[in-house]
Amino acid sequence: PEGRDLEAFCDRFLLRFNVGYLLQAQNFRAAVVAPEPRITAHLSQDPVLLGIYQQGKDIYRVLASHVFGVREDGVSPEQREVSKLLILSMFYGAQARKTAENLSISGFYTTQKTAGQYLKHVENLFSGFFEWKEQLVKKAYRDRFVTTIGGRQRHLDFRGADTWRVERQAVNSEIQGSAADIVNGTMEVVDESIPQLAMLAQ
């Protein structure tokens, strides 16, 4: 495969059962590489995030529609890409200056003022996430650790750290740690349930 076909091929891995030679393809990127938005919806119980996934919508298209004031079916590929970067800013706690830098580096020149306006739209749309984030940070300050969805504790050292670094560390530890729990658990279940499973590396 070449070009986009190659990219699509690399996004998937092939599994073969020894018994019966049944061939199955699994979407690797969606299941393993980027589960954070769905996990965030579950952890925060943000009603908008939950609604997006319950209705089978595209989170980036929904956000772009809100930010740029267009219909969801009228969102351009560029606007959707901007929304991806805004979602990352939301997760990682990036402020207007850093968001403007990231957008500009990615080919979407943006002033700090405009980036701040974008982030305000994000906060308004996903207000439940930011309320959850605030409570999580308070709890992390009190307990000095966060707990992943699998029950693992990530201990945090806040000594001498800036406030934004503390928030980023707490939120990232819970979201990414929970993502790791789910991915690892899924792989263990597959390995235990299908001992004949062999991965093809081609």
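Reply: A residue counts as exposed when its relative accessible area is over 50%, as buried when that area is under 20%, and as partly exposed in between. The model is a predicted one. By these cut-offs Arg 71, at 62%, is exposed. Asp 73, at 60%, is exposed as well. These two residues form a salt bridge, and their closest N and O atoms are 3.2 Å apart.

Asp 181 has a relative accessible area of 15%, which is under 20%, so Asp 181 counts as buried. Its partner is Arg 152, with 2.6 Å between the closest N and O atoms of the salt bridge. The two come from distant parts of the chain, 29 residues apart: Asp 181 belongs to helix H10 (residues 163–193), and Arg 152 to the loop between strand S3 (145–147) and strand S4 (153–155). Arg 152 has a relative accessible area of 41% and is therefore partly exposed.

Lys 138 and Glu 134 both belong to helix H9, where they are four residues apart, or about one turn of the helix. Their side chains form a salt bridge with an N to O distance of 3.6 Å. Lys 138 is partly exposed, at 48% relative accessible area, and Glu 134 is also partly exposed, at 44%.

Now to the packing of this helix. Helix H9 (residues 127–143) packs with helix H3 (residues 36–44); the angle is about 70° and the axes are 9 Å apart. Angles from 65 to 115 degrees count as roughly perpendicular, so H3 and H9 are roughly perpendicular to each other. Their crossing is left-handed. On the H3 side, Thr 40, Leu 43 and Ser 44 take part in the contact, and they meet Gly 128, Phe 129 and Trp 132 of H9. Sorted by class, this contact has three nonpolar residues, three polar residues and no charged ones.

To sum up, the salt bridge of Arg 71 and Asp 73 joins two residues that are both exposed.

Technical notes
Residues are numbered from 1 along each chain as its sequence is written. This is a predicted model: local features need pLDDT of at least 70, side-chain atom pairs count only at pLDDT 80 or more; totals for chains, interfaces and linings use all residues. Side-chain values use heavy atoms; hydrogens and water are left out. Axes are lines fitted to C-alpha atoms, for helices over the stretch in contact, and angles run from 0 to 180 degrees between N-to-C directions. Angles under 35 degrees count as roughly parallel, over 145 as roughly antiparallel, 65 to 115 as roughly perpendicular and the rest as oblique. A crossing is left-handed if the near helix is turned anticlockwise from the far one by less than a right angle, and right-handed if clockwise. Contact means heavy atoms within 4.5 Å. Ala, Val, Leu, Ile, Met, Phe, Trp, Tyr, Cys and Pro count as nonpolar, Asp, Glu, Lys and Arg as charged, and the others, Gly among them, as polar. A salt bridge is a side-chain nitrogen of Lys or Arg within 4 Å of a carboxyl oxygen of Asp or Glu. Buried means under 20% relative accessible area, exposed over 50%, partly exposed in between (1.4 Å probe, protein chains only).
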